[in-house]
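Thanks for asking me to look this one over. My notes are below, as numbered points you can follow alongside the model.

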Amino acid sequence: MFGLLRIIIIHINYKLRIVDNYTKMSLLPVTSCGQFLSGPSGTVNSSNYPANYENDAYCTWQIQVPVNKKVRLDFTEFKTETGKDYLLIYDTSDYETATIVFDGTTYKPPPFTSSGNVVRVRFISDGATTFKGFSFNYKQVGK
Ligand SMILES: [Ca+2]
């Protein structure tokens, strides 16, 4: 019982932090959805893709490749609720501030290459209105 209560409190803390500043990454683990992934390549989709993602999503993917390599992301689709549901990309060198924050239905994020061997991608949706979401391919590149 206390365990469950603690989880709920932690969850509320997460939500408050998101509301405070969605671009700030505190020392959070991968949460309700998302995955740890390693190279050399693969595909990441939002929940339920190609059907709509969920409300109140908070998903973190961490993609890691060998130390002397980099991670390249190529988006093939991107549709989220403008101003409400965000994709954030955190580069290796800075897990505090998102390098890219993206939302909307008109454009796809440009290709992204990490500065080091790890990249984190986070998706956060609010409590109403969902879209198809996103799909991107990742691969290890460089050196
Ligand atoms: Ca939404």
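1. Strand 4 (residues 70–79) and strand 9 (residues 133–141) run antiparallel and are joined by 9 bridges. Strands here are DSSP runs (E, at least two residues), numbered from the N terminus, and two strands pair if DSSP finds at least two bridges between them. Within this pairing, arginine 72 has lysine 139 of strand 9 as its bridge partner.

2. A word on the source: this is a predicted model, in which local features need pLDDT of at least 70 and side-chain atom pairs count only at pLDDT 80 or more, while totals for chains, interfaces and linings use all residues. Residues are numbered from 1 along each chain as its sequence is written.

3. The open sheet has 4 strands in the order 2-9-4-7, with antiparallel pairing. Strand 2 (41–45) and strand 7 (112–113) are at the edges with a single partner strand each, so one side of each has no neighbour in the sheet.

4. Strand 3 pairs with strand 1 (residues 36–38) in parallel through 3 bridges; here serine 38 stands opposite glutamine 64. Strand 3 also runs antiparallel to strand 8, with 7 bridges, and isoleucine 63 stands opposite valine 119 there.

5. Valine 119 is worth a look: setting aside residues up to four places away in sequence, its contacts include Ile63, Val71, Leu73 and Ile89. Contact means C-beta atoms, placed from the backbone, within 7 Å.

Key
Contact = placed C-beta atoms within 7 Å.
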